[in-house]
Amino acid sequence: MNYTENYRGIKIDVQAPHMEVDETVQAELRSCIDKLTRFANDINEVNLYINKEGQGGAAVSKLGMRVAIPGPDVYADEDGDNWIGMLKSVTDKNIRQLQKLK
C-alpha cells in the first residue's frame with residue numbers, strides 16, 4: 001500500500017509494499033508529526049517506509065522514517081513487532097537528531 005496525504009502543509013508519503021496500513025497507524029503518524037513540529041517548524045515532508053521481511057516465525061518487521069527539512073534530512077529506523085511502538089521510537093530518534101542540528 002502506498003498512500004500520500006497533506007497534513008498541515010506537510011506532505012506525508014507512506015510506502016508499505018504488500019501490506020495495508022490501518023487507520024490507527026495513520027492517526028499515530030499524524031500525532032508523531034505534531035510532536036516533530038515542536039522541534040522543527042520547517043518540515044517539508046515525512047516519508048514512512050514499512051516492510052515485513054521473511055515469512056512465518058522468521059519474519060522481521062521494519063519501519064523507517066525520513067523527515068525532510070531544509071539542509072540535511074533526518075532518518076531513523078526500527079525493527080520490531082508493534083507498529084505503533086516502532087513509530088514512536090523512530091519519532092523520538094528523529095527528535096534527538098533535530099535537537100543536535102539546532
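A polar contact here is a pair of N or O atoms within 3.5 Å. With that in hand, welcome to some close-up views of this predicted model.

**View 1. Q26 and the backbone of V21.** Q26 sits in helix α1. A polar atom of the Q26 side chain lies 3.1 Å from the backbone oxygen of V21. The relative accessibility of Q26 is 10%, so Q26 counts as buried, the cut-off being under 20%. Setting aside neighbours within four places in sequence, the contacts of Q26 are M1, Y3 and V21.

**View 2. Helix α1 and its partners.** With 15 residues, α1 reaches 21 Å from its first C-alpha to its last, close to the 21 Å expected at 1.5 Å a residue.

**View 3. The start of helix α2.** Here a side-chain oxygen of N82 comes to within 3.0 Å of the backbone nitrogen of I84.

**View 4. Helix α2 along its length.** The 19 residues of α2 (residues 83-101) should span 27 Å at 1.5 Å a residue, and the end C-alpha atoms are 27 Å apart, so the two values agree. Buried in α2 are W83, M86, L87, V90, T91, N94, I95 and L98. A handy reminder for reading this view: an α-helix has 3.6 residues a turn, so residues three or four places apart point the same way. The buried residues of α2 pack against α1 (23-37), β3 (45-53), β4 (60-68) and β5 (74-80).

Definitions and conventions: Residues numbered from 1 in each chain as written. Predicted model: local features only at pLDDT ≥ 70, side-chain atom pairs only at ≥ 80, totals over all residues. Heavy atoms only, no water. Helix = DSSP H or I, 4+ residues; strand = E, 2+ residues; numbered from the N terminus. Expected span 1.5 Å × (residues − 1). Buried < 20%, exposed > 50% of the residue type's maximum accessible area, 1.4 Å probe, protein only. Contact = heavy atoms within 4.5 Å. Polar contact = N/O pair within 3.5 Å; in protein donor to acceptor, adjacent residues only side chain to side chain.
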